[in-house]
Amino acid sequence: MTDPNPSPRAFSASAPLKGKIAILGDKSISHRALMLSALAVGTSRVTGLLEGHDVLATAAAMRAMGASIERTGDGEWVIDGVGVGGLLQPREALEMGNSGTSTRLLMGLVASHPITVTFTGDASLSSRPMGRVIDPLSQMGADISASPGGRLPLMVRGLAPAIPLAYRLPMASAQVKSAVLLAGLNTPGITEVIEPIPTRDHSERMLKGFGADLNVETDGDGTRRIHIRGEAELRPQTIAVPGDPSSAAFFIVAALIVPGSDVVIANVGLNPTRAGLVEVLQAMGGDIELLDPREVGGEPVADLHVRHSALKGIEVDPAIAPSMIDEYPILFVAAALAEGRTVTTGLDELRVKESDRLAVMAAGLTAIGAQVEESADGLAIDGTGGDPLPGGATIAGHLDHRICMSFAVAGLVGKAPVTIDDMGPVATSFPNFEALLESLQA
Ligand SMILES: O=C(O)C1=C[C@@H](OP(=O)(O)O)[C@@H](O)[C@H](O)C1
Ligand SMILES: C=C(OP(=O)(O)O)C(=O)O
């Protein structure tokens, strides 16, 4: 799915960003909306679906396994499901492109169906660890043969009926949690996931919304115990997908660091398991006001009014990491413009995303003149206090959309332009990123 022809692009010092934009649908919720609709009995309707390459990979996979999935308009999709237990043997390997979420969640679904599925992906996805889902799914009875190091391409031979499992997550990962819960959907009895550190809870919310028998208990120390009763019948739903806070993040930071900016970002999902960045930027002195708080698709949403601000460096509490895990690359850009030092820790997971986001951000920020120290699990950044960054480098995006967009935003405050070697990967999660940026510069 990655474009073989790179699209390099230079970003340079920007006039103030002004105006109002709306953010496209949440990627995590869009994946789950397609998967659960494809497993319901009857017709579901989704509006605001993110039509990025990652979500389209999920749509193609669910179609290949028997669901009827039609696009009826911009972000409007109609899905006829096969019923839990009804996934069909796909004729070919499922090509997951760049998408970790598609791969890991679909491995969970396949694990408890009597089908055998090969998963392939691009160079980035093929370097990411799948052992974290292979372990629990094998315990449930799936037979999985992977490439060396537990990598793609890999083949999952599902077992039906699968064996219910009580699984304690060894790392804070919503993808691993979701893979086990989705495997549990077609497994007799109760499957339990024990989550010591809470992560995004879209799977739990949506499974309940579709009528699955799922409950969550929280222990005194905050550990969550999630139980799902298998062999469920899911009821079709009408879902409005809220805007993606992980995409909004780039424009929140752009408005904070480009002098004179005053922007309203409409339709931003603010589920507490996703909203950590707003909290951290406010603690750094960012002027971010929440307008018209409301609910969309069972999730809290607001419009954000963001104005250019003098940011101050802070020490970021590692406990907040799961609620802003994809937002660290752009937080590092904000930190590079803040006054004083920003210190982040507890970010080992950033090393196994689309790229090693600690190493790639440290190298790229250093190349454009920021002061960065990389540690095993975080970055310490001494900011400019609002002065422009020198810029003037070409950044390798490493097939990582969030790296490309972070350095695009950094270019807006560069003395010399910042060039991204290939903006193609941005289409995985934020196909209209450049169009929205241009609209705020007009
Ligand atoms: O469940 C999800 O939709 C996601 C979970 C996170 O990954 P991990 O589970 O690996 O932390 C996140 O980084 C990814 O973009 C989407
Ligand atoms: C990590 C990400 O996605 P995925 O794991 O689905 O590739 C991301 O979007 O930042």
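Biologist: How far apart do the C-alpha centres of domain 1 and domain 2 lie?
Modeller: The protein splits into domain 1 (9–25 + 242–441) and domain 2 (27–240). Those bounds come from an automatic or database domain assignment. Between the two C-alpha centres the distance is 29 Å.

Biologist: What kind of model is this?
Modeller: Residues are numbered from 1 along each chain as its sequence is written, while chains are lettered from A and ligands numbered from 1 in the order in which they are written. Local features need pLDDT of at least 70, side-chain atom pairs count only at pLDDT 80 or more, totals for chains, interfaces and linings use all residues, and the model is predicted.

Biologist: Which classes of residue make up the side of domain 1 that touches domain 2, and how many of each?
Modeller: Contact means that two C-beta atoms, placed from the backbone, lie within 7 Å. By that rule, 25 residues of domain 1 are in contact with 29 residues of domain 2. Ala, Val, Leu, Ile, Met, Phe, Trp, Tyr, Cys and Pro count as nonpolar, Asp, Glu, Lys and Arg as charged, and the others, Gly among them, as polar. The domain 1 side then has 10 nonpolar, 10 polar and 5 charged residues.

Biologist: Which helix gives the largest share of the shell around ligand 1?
Modeller: A residue joins the shell if its C-beta atom, placed from the backbone, lies within 6 Å of the ligand. The shell holds Ser28, Thr101, Ser173, Ala174, Gln175, Ser178, Arg200, Ile325, Asp326 and Glu349. Helices (H or I, at least four residues) and strands (E, at least two) are DSSP runs, numbered from the N terminus. The largest share, 3 residues, comes from helix α5 (residues 174–185).

Biologist: Which domains give ligand 1 at least three shell residues each?
Modeller: By class, the ligand 1 shell divides into 2 nonpolar, 5 polar and 3 charged residues. At least three residues come from each of domain 1 and domain 2.

Biologist: How many residues of α5 are buried?
Modeller: Buried means that 20 or more other C-beta atoms lie within 10 Å of the residue's own; 12 or fewer is exposed, and in between is partly exposed, with C-beta atoms placed from the backbone. Among the buried residues of α5 are Ala174, Gln175 and Ser178. The helix is largely enclosed by the rest of the structure, because the buried count is 12 of the 12.

Biologist: What distance separates the end C-alpha atoms of α5?
Modeller: The expected span of a helix is 1.5 Å times one less than its number of residues. For the 12 residues of α5 that gives 16 Å, and the model agrees: its end C-alpha atoms are separated by 16 Å.

Biologist: Why does ligand 2 lie between the domains?
Modeller: Its surroundings are Asp54, Ser99, Gly100, Thr101, Asp326, Lys353, Glu354, Arg402 and Ser429. That shell has no nonpolar, 4 polar and 5 charged residues. Ligand 2 lies between the domains because its shell takes residues from both domain 1 and domain 2.

Biologist: Is Asp326 buried or exposed?
Modeller: Asp326 sits in the loop between β18 (315–316) and α9 (328–337). Leaving out residues up to four places away in sequence, Asp326 touches Ser246 and Arg402. With 23 C-beta neighbours inside 10 Å, Asp326 counts as buried.

Biologist: Which residue does a cis peptide bond join to Ala160?
Modeller: Most peptide bonds are trans. One cis bond joins Leu152 and Pro153, with omega about -10°, and Pro153 lies in strand β9 (residues 151–157). Another has omega about 0° and joins Ala160 to Pro161.

Biologist: Where is Asp292, which has a positive phi?
Modeller: Most residues other than glycine have a negative phi. Asp292 has a phi of about 50°. Asp292 is exposed, with 9 other C-beta atoms within 10 Å. Its place is in strand β16 (residues 287–296).

Biologist: Is Glu231 exposed, partly exposed or buried?
Modeller: Glu231 has a phi near 55°, again positive in a residue other than glycine. Its place is the loop between β13 (224–229) and β14 (238–240). With 15 C-beta neighbours inside 10 Å, Glu231 is partly exposed.
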